[in-house]
Amino acid sequence: MNIVKENIDDLNALIKVKVEKADYEEKVEKTLRDYRKKANIKGFRPGNVPIGLIKKMYGTAAKVEEINKSVSEGVRQFLADEKIDILGDPLSKEDEGRTMNFETDVEFELDFEIGISPEFEIKLSKKNKVTGYKIIIDEKMKSDYIENIARRYGNFIPSETVEEKDMLKGDIMQLNSDGTVNNDGFSASNSTLSVNVIKDDAIKASFIGHKIKDVIDFDIKKAFPSDYEIAGLLQKKKEETEGVEGSFRFIINEISRFTPAEINQELFDMAYGAGVVKSKEEFEEKVNSEIASNLDRETDYKLLIDLKDYVTSKTDMALPEEFLKKWLMKVNENLTEEQLEKDFGTFAQDLKWQLIRNKVATENNMTVTEEELQKEAEIITRYQFQQYGYYYATEEQISGFAQQTLSNQEEAKKIAAKILDDKVLVHLKDIVKVEEKEISSEEFNKLFE
């Protein structure tokens, strides 16, 4: 197989491939012999089908398959041997002046378009300034955080009369148009109803003040426009309750009111483990530390975005845009030309950042180790657990979930990219000047609008 590169310009080239009979003949023969062993054709015992018949039936398809495999591997190896960094994948170039007959031809010429990764320099110094934000922890932030912890470990307690945020349990049944119970209609025992999720204000008000054993009739579709809510209330699948409407009766069996946990040692032990936090002062210190850690994640994320944008804007880099557009249309079947034109600018910026990140990582011998992957996956897992209020996960559980995440190649790639982003970020922060600016949470959030 003869492969050569023909430059079009600095960013585009053709890979010209000439395939000869010797490149595929032996592999095709082997494939056809394997077909013969497995072929089940009427009139012949398995394994005894004449090879001539096998070639007639499968020869061309096997030839095409082996040529494609050989060319694909050949081009990949050629790019690696010649150290040609490309963007996207090689694209087969249709040549109107060239026709191929796979049944009769023995030699083939194929051309592939490639987009070449650009050469560029990253020129940064302390003269380059980027703002790094520090969010001020205010009293409202602390009180909201403490309130969330208290609610996380709160309980429902019995109540005598219904208030707006109460949880009710009771029997629900469908009514006829005359207000009598429809014995053939929908009904459920010990159904759960949250008063505050009722969408109609008048219906919500009709529940307030009632007591156990009281009866409330209401329009179910006005109260709960969502089919999922109705299905949950009637203890059915959504498909079973589609189209349900009209009057229903609810008989109250229980009234429960959510009460947040008190700020005391019992809460400290539930939230952080027995004896870890021993006083309100230590609790507040823990809260401040957790808030600061969460805010650092947000501000670091913002700094990463700003550094990406800043470094990309300061780095002179051209891309093979027409090739990339053609490649994107090829690999995304549902992508329209209108969507491509709309989103290509964002794609190009992301690609430029990836090239910058990889260049910085390569020049500074940055790699991602298995230990770093595991550690980052554990951090992500622990953060996700805490979002759901699960603070008691053991290190063994955290490690197990992290390993499960990393077993997914796509997730592992995302985590590896994040680690590399973080390393490059630290490196760039040392090169440029990061000017710290204190800012309120409200002001910081507006930066993303």
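A residue is called buried here when its relative accessible area is under 20%, exposed when over 50%, and partly exposed in between, using a 1.4 Å probe and protein chains only. By that criterion, the buried residues of helix 3 are Met141, Tyr145, Ile149 and Ala150. The model is predicted, with local features needing pLDDT of at least 70 and side-chain atom pairs counting only at pLDDT 80 or more, while totals for chains, interfaces and linings use all residues. Residues are numbered from 1 along each chain as its sequence is written, and side-chain values use heavy atoms, leaving out hydrogens and water.

**Helix 3**
- Helix 3 (residues 139–152) has 14 residues and spans 20 Å from its first C-alpha to its last, close to the 20 Å expected at 1.5 Å a residue, where the expected span is 1.5 Å times one less than the number of residues.
- Its buried residues pack against strand 5 (129–135), helix 8 (265–272), helix 9 (280–314) and helix 15 (441–446), with contact meaning heavy atoms within 4.5 Å.

**Helices 10 and 11**
- Helix 10 (residues 321–331) packs with helix 11 (residues 337–363) at an angle of about 120°, their axes being 11 Å apart; axes are lines fitted to C-alpha atoms over the stretch in contact, and angles run from 0 to 180 degrees between N-to-C directions.
- Glu321, Leu324, Lys325, Trp327, Leu328 and Met329 of helix 10 meet Glu337, Leu340, Glu341, Phe344, Phe347 and Leu351 of helix 11.

**Glu376**
- Glu376 lies in helix 12 (residues 370–387) and counts as buried because its relative accessibility is 11%.
- Beyond its neighbours within four places in sequence, Glu376 is in contact with Ile415, Lys418 and Ile419.

Note on methods: Helix = DSSP H or I, 4+ residues; strand = E, 2+ residues; numbered from the N terminus.
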